[in-house]
Amino acid sequence: MTEHMEEAGSREALQLLESTGPGRQAAKAIREKAATVRFGPTVKGAIAQYDPDSHEITVHESLKTASPKVLAAHLAHEGTHVLWDRPNSIDQEYHAFKAQAEVWDQIKGEETDTQCDWVSWMIAQREEEAKLLITALYKGLPDY
Amino acid sequence: MEKIRGFTLFESFYPEWSFSFLHPIEWEVRESVKDDFVEVFIAGPRNRADTFTTSIAVWGRADEDQTPEMLSEDYINRHRPLPGFQTLAQVIGVLAGSEAVELEVTYEMPLPLNNVNARMTPIRERRIFLKRGGWVYELIYAATEEDYEAWLPAFQTVARTFAFREEPAEHRFYALVTPVPAQAIR
């Protein structure tokens, strides 16, 4: 059973994303192109995923109680996929992780999160260093 | 170039990147060039959990200023904040007739990344930095800890056969990291 994110009281995450410089474009794309942002089950336990066919972002149901900052960072990642609106690639994943890291770095304050902190470290490296790791994570994705 | 069963020759498509080496024949190779940077990425097998691809990569880029020692120190400093980070070995040597530093490190990464089932997974990396003229090169091997030893010989073959065009045979390779890495830390 999925639940509409905004009905669940997490619209704060999207508003937070909109309030950040690096997340504004992703938030705008979500607003304009994605019909829904929902909590629900995801493929293989992904924290969040974007389905380009249904224009739906699903955030894993276990994140219902996550902080708006963590949700905003993950929405920045998925919002980048919405914004790009083309088949996935290592370059697209890099930019999605980059948006996640930039939003997280801007809003996290004293908060820590294992995944967002790791992504932040990865994106702080040279682009080729980050892409080397991303390539190891995803099998079969083209470079561009 | 010698022949080794199960390995095949890589030669850069681009004349300005005049290196070659042997790599595992069944691993997927892709070469990309952007501005003054070349990458040869060689994808090996996935780990048992299907969360990480064992890989070998060769990078080359224009860099007049950095020495292999500076590059290896920078690498250590950048990776030090990672959970579980340790330098296992750092050794100066010669590769393909050029000064080189070989580094072996370990750190932990949440795998799968951005996943509710992520587990902190030890990753082990071996990297050789070398300088030739105004260019720096990095030979990189990365695998999960559980797969590292299994595919290390493939990386050692890449390093042992790595050569610049028309390199005299006596300039090819000197062993860098000792068999017991911990003893090699300076």
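User: What share of the 186 residues in chain B is buried?
Analyst: In this predicted model, buried residues account for 37% of the 186 residues in chain B.

User: And which helices and strands does chain B have, and how many of each?
Analyst: Chain B contains 2 helices and 10 strands, and, when the sequence is read along, these elements follow the pattern β-β-β-β-β-α-β-β-β-β-α-β.

User: Let's look at where the chains touch; how many residues are in contact on each side?
Analyst: On the chain B side there are 22 residues, and these are in contact with 18 residues of chain A. Strand S4 (37-46), strand S5 (53-62) and strand S7 (98-111) of chain B each supply at least two residues of the side that touches chain A, and by class that side of chain B has 13 nonpolar, 6 polar and 3 charged residues.

User: What about Ala57(B), which residues is it in contact with?
Analyst: If its neighbours within four places in sequence are left aside, Ala57(B) is in contact with Leu132(A) from chain A, and with Glu39(B), Val40(B), Phe41(B), Ile42(B) and Ile140(B) from chain B. Ala57(B) is also among the residues with the most contacts inside the largest nonpolar core, which has 83 residues, and the others named there are Leu17(A), Ala72(A), Leu75(A), Val158(B) and Phe162(B).

User: Switching to chain A, how do H1(A) and H2(A) cross?
Analyst: The axes of helix H1 (residues 11-18) of chain A and of H2(A) come within 7 Å and cross at roughly 130 degrees, so the two helices are oblique to each other.

User: Which residues meet there?
Analyst: From H1(A), Leu14(A), Leu17(A) and Glu18(A) meet Arg24(A), Ala26(A), Ala27(A) and Ile30(A) from H2(A), and the residues of this contact divide into 5 nonpolar, no polar and 2 charged.

User: Where does H3(A) come in, and what is the handedness of its crossing with H2(A)?
Analyst: The axes of helix H2 (residues 24-33) and helix H3 (residues 68-84), both of chain A, come within 8 Å and cross at roughly 60 degrees, and the crossing is left-handed. The H2(A) residues in this contact include Ala26(A), Ala27(A) and Ile30(A), while those from H3(A) include Leu75(A), Ala76(A) and Gly79(A). By class, the contact of H2(A) with H3(A) has 8 nonpolar, 3 polar and 1 charged.

Technical notes: Residues are numbered from 1 along each chain as its sequence is written. Chains are lettered from A and ligands numbered from 1 in the order in which they are written. This is a predicted model: local features need pLDDT of at least 70, side-chain atom pairs count only at pLDDT 80 or more; totals for chains, interfaces and linings use all residues. Axes are lines fitted to C-alpha atoms, for helices over the stretch in contact, and angles run from 0 to 180 degrees between N-to-C directions. Helices (H or I, at least four residues) and strands (E, at least two) are DSSP runs, numbered from the N terminus. A crossing is left-handed if the near helix is turned anticlockwise from the far one by less than a right angle, and right-handed if clockwise. Two residues are in contact if their C-beta atoms, placed from the backbone, lie within 7 Å. Ala, Val, Leu, Ile, Met, Phe, Trp, Tyr, Cys and Pro count as nonpolar, Asp, Glu, Lys and Arg as charged, and the others, Gly among them, as polar. A nonpolar core is a set of buried Ala, Val, Leu, Ile, Met, Phe, Trp, Tyr and Cys residues joined through C-beta atoms within 7 Å. A residue is buried if 20 or more other C-beta atoms lie within 10 Å of its own, exposed if 12 or fewer, and partly exposed in between; C-beta atoms are placed from the backbone. Angles under 35 degrees count as roughly parallel, over 145 as roughly antiparallel, 65 to 115 as roughly perpendicular and the rest as oblique.
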